[in-house]
Amino acid sequence: MNVEISNWLASEQPYEVGVALYEQHGTSGMIKRLLAGSCTSYNREVLARELGKLVATAPPPPQTPPPAPVPAAAADVLTQLRQARRPLLSEREYLHARLELASDAERSASALRILDIGDLLNESYAAEAHYEKYGTLPAPPPVAEPAPELASLTSTADIQYQLKLLRTQRSKLKDRPDRAEKLAQVLANIDLLESKLSPQ
């Protein structure tokens, strides 16, 4: 309402438009009858005065409440999650940049590591979304010991082959809460084999 009336008051709009505005928003029957007559200088003066009163007395438009401030504890948790992602993002970018220069073996190891970093980042983003929705971090997965038979592997080719199989299993299990223990075993096996490929 305020905008339409203010526009009429600020410009040379037709008298009939102002009368229609008062008919719609005004309350005085006597003024309405007066304004329904011909457009005289007196009537235009009365119309402007009455419309000005409507603008002055109209309630202010409702304001959108500001977003609730994020509690300090929540801000700390979210900050820690985001800071922990930075080195992973940097490492992934570095590995991507070196893929063309690496040997076949290095390229294979880098590609597998890039996949791992992607999984870690996805877990971090999921944890952030969970915290924003529920106010708590998701429960940590169960911990398992790696399979003893994998400890004896020494061939790089064998290790990389087993890692491919394990990563396929991980992809299938990560969205299965009912298989959390199996996923924990797979993750422990991956950690063991990756440590064998990492330079000492």
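This is a predicted model: local features need pLDDT of at least 70, side-chain atom pairs count only at pLDDT 80 or more; totals for chains, interfaces and linings use all residues.
Colleague: Which residue does K53 form a salt bridge with?

Modeller: The partner of K53 is E50, and their closest N and O atoms are 3.4 Å apart. A salt bridge here is a side-chain nitrogen of Lys or Arg within 4 Å of a carboxyl oxygen of Asp or Glu. K53 and E50 both lie in helix α4 (residues 41–57), three residues apart, which is about one turn of the helix. Helices are DSSP runs (H or I, at least four residues) and strands likewise (E, at least two), numbered from the N terminus.

Colleague: What else does E50 meet in a salt bridge?

Modeller: The side chain of E50 also meets that of R49, at 3.5 Å from N to O. E50 is buried, with a relative accessible area of 11%, whereas R49 is partly exposed at 40%.

Colleague: How many salt bridges are there by this rule?

Modeller: The count comes to twelve. One of them joins R167 and E194, whose closest N and O atoms are 2.7 Å apart. R167 lies in helix α7 and E194 in helix α8, so this pair ties together parts that are 27 residues apart in sequence. Salt bridges that share partners join D116, D119, R167, R170 and E194 into one network.

Colleague: And are R167 and E194 buried or exposed?

Modeller: R167 is buried, with a relative accessible area of 8%. E194 counts as buried too, at 18%.

Colleague: Let us turn to α7. Which of its residues are buried?

Modeller: I159, Q160, L163, L166, R167, R170 and L173 are buried in α7. Seen down the axis of α7, they fall within an arc of 140° and so line one face of the helix; the arc is that of the directions from the helix axis to the C-beta atoms. On the other side of α7, A157, Y161, K164 and K172 are exposed.

Colleague: What do the buried residues of α7 pack against?

Modeller: They pack against α6 (104–134) and α8 (180–197).

Colleague: How far apart are the end C-alpha atoms of α7?

Modeller: They are 25 Å apart, which agrees with the 26 Å that its 18 residues (156–173) should span at 1.5 Å a residue. The expected span is 1.5 Å times one less than the number of residues.

Colleague: Where is L150 found?

Modeller: L150 is in the loop between α6 and α7, and at 7% relative accessibility it counts as buried. Leaving aside neighbours within four places in sequence, L150 is in contact (heavy atoms within 4.5 Å) with Q162, L166, N189, L192, L193 and K196. L150 and L192 are 42 residues apart in sequence and 7.9 Å apart in space, C-alpha to C-alpha.

Colleague: Finally, how many helices and strands does the protein have?

Modeller: There are eight helices and zero strands. Buried residues make up 28% of the 200 residues.

Conventions
Residues are numbered from 1 along each chain as its sequence is written. Side-chain values use heavy atoms; hydrogens and water are left out. Buried means under 20% relative accessible area, exposed over 50%, partly exposed in between (1.4 Å probe, protein chains only).
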